[in-house]
Amino acid sequence: MTDEKVKPNPDPAIPQFVASDFNSTTKLADNQIDDDDYNPFEHRQTDKPNSTSGSLIHLLKSSLGTGILAMPVAFKNAGLLFGAIGTVIIGLICTHCVHILVKTSHQVCKRTRIPVLGFAETAERVFQYGPVKLRRMANFSKLFVDYGLMATYFSAGCVYIVFIGSSLEKVINVAAELDWSVRIYILLTMIPVLLIGQIRSLKYLVPFSAIANLFIVVTFGITLYYIFKDPLEFNDKPNFASFATLPLFFSTVIFAMEGIGVVMPVENSMAKPQQFLGCPGVLNTAMGTVITLYAIIGFFGYVRYGELSAGSITLNLPTEDVMAKIAQLLIAAAILFTFGLQFYVPMDILWRKIHDKIPKNKHNFSQIAIRTGIMILMGGIALAVPDLEPFIGLVGAVFFSSLGLLVPCVVETVFLWPNELGTFKWILVKNVIFGAFSIFALVSGSYVSIEEIIKLYTEDDHTE
């Protein structure tokens, strides 16, 4: 998803700004504006705004993907009790970080009298109007978020390719009595991926998204059937796994929970954006639902499959059953159909940055060539790391922890510095704690995930 285009405000009473008005040398004192007399919501003019319920559905859709299917393996790395408590706590932290990002964006919109700002633009404006010594970092902050979002979505796309290949291997190898490597199925997956990745209009991606949603619902239903069809055994599952595997738990849950890239586009395209935050609000309702579903799938999925829990719970389903095969094929098709939307987001950011440097008569060829080249690179990464569990952990640790947790904390702190950080500067203390947690998840999660990936190539008993 990308930000809806906002039409320029025709009201001459509202000052219009250009990029030069927000250079790193701008002094807030020179352009002091009364925040109270400007409501950005009243000046938003979006094409085809979304209803509150539609925005809730969009936010839920963005969170219900490969991540929820990996929750049982997250619990395997944490233990039953610690996994349940940890999932709720991480979910609340993720929700809070999204909340402070959106709230800060609203406040920046009021201060700058700009109706709407995206994620990267919010980070840029915060530094432009922040402490003098930090203003030179405004452009860097915007580029960091933009390139971070691109890296996040491209990396998640690699996970999608591995996921599809793993699902096909599970079904076809058993059904056809083959012994093909998952890498062969990843190569086969690249054929439809290269085609669907060439779609450049969201309008043409909508049917794929609708079909994917249907497939995901059916797959969830089948998965829950297999989880609960026989009595569950709780006694042989530890309440706490080990400290060594905790980083994988944290990074997997962060990967599953975070949808930071779609939050601002969803909020910016709402007909009533004031209903995004608050109680119950779109954000709280969506994240409450997500945390509950993730905890249920993770908890009971781990109880059912224990130490055998795979990178996706669908890979644990008995492939000799027809219904299980249907679920595995449906989720593979759903993730394939979702790939187009996943790929659209970073390509839109990238194309907006480079299209004016390419002659117009070469735009079409350039789009095809760039998209094909990037997808081939993504396929190469998937071939190099064809194991879901450490791959998901690595992407969650590196990208989602930094963009979803660290950046919102930094943005809020810079915006409120130095006199609006609350009594005893509790906001600063809180953000330092959350920021430290995100850095811990980044460093430890990356280390453990890379260590697991290295084992793929060093263990003698690893089979292709």
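Q: Are Phe250 and Phe437 buried or exposed?
A: This is a predicted model, in which local features need pLDDT of at least 70, side-chain atom pairs count only at pLDDT 80 or more, and totals for chains, interfaces and linings use all residues. Residues are numbered from 1 along each chain as its sequence is written, and side-chain values use heavy atoms, with hydrogens and water left out. Relative accessible area, taken with a 1.4 Å probe on protein chains only, sorts residues into buried (under 20%), exposed (over 50%) and partly exposed (in between). On that scale Phe250 and Phe437 are both buried.

Q: How many aromatic pairs are there by the ring-centre rule?
A: Rings of Phe, Tyr and Trp (its six-membered ring) pair if their centres lie within 6.5 Å, and the planes then class the pair as stacked (under 30 degrees apart), edge-to-face (over 60) or tilted (the rest). By this rule the count comes to 18 aromatic pairs.

Q: Which class of pair do the rings of Phe208 and Phe337 form?
A: Phe208, with a relative accessible area of 26%, is partly exposed. Helices here are DSSP runs (H or I, at least four residues), numbered from the N terminus; Phe208 belongs to helix α8 (residues 202–228) and Phe337 to helix α12, so their pair ties together parts 129 residues apart in sequence. Because the ring centres are 5.5 Å apart and the planes stand at 55 degrees, the pair is tilted.

Q: How far apart are the end C-alpha atoms of helix α6?
A: The expected span of a helix is 1.5 Å times one less than its number of residues. For the 38 residues of helix α6 (residues 138–175) this should be 56 Å, which agrees with the end C-alpha atoms of the model, whose separation is 56 Å.

Q: How many salt bridges does a search of the whole structure find?
A: Side chains of opposite charge can pair when their charged atoms come close. A salt bridge here is a side-chain nitrogen of Lys or Arg within 4 Å of a carboxyl oxygen of Asp or Glu, and with this cut-off the search of the whole structure finds 7.

Q: Which residues are linked with Asp146 in a network of salt bridges?
A: Asp146 forms a salt bridge with Lys142, where the closest N and O atoms are 3.2 Å apart. The two residues both lie in helix α6, 4 residues apart, about one turn of the helix, and both are buried. The network links Asp146 with Lys142 and Lys353.

Q: Over the face of which residue does Lys353 lie?
A: A charge sits over a ring if NZ of Lys or CZ of Arg is within 6 Å of the ring centre and within 35 degrees of the ring normal. Lys353, at 5.3 Å from the ring centre, lies over the face of Tyr147.

Q: Which residue forms a salt bridge with Lys430?
A: Lys430 is in helix α15 and its partner in helix α14 (residues 388–416), so the pair ties together parts that are 18 residues apart in sequence. Both residues of the pair are buried. With the closest N and O atoms 2.8 Å apart, the partner of Lys430 is Glu412.

Q: How many disulfides does a search of the whole structure find?
A: A disulfide is a pair of cysteine sulfur atoms within 2.5 Å. The sulfur of Cys94 is 6.8 Å from the closest cysteine sulfur, in Cys97, which is too far for a bond, and for Cys109 the nearest cysteine sulfur, again that of Cys97, is 19 Å away. The number of disulfides found is 0.
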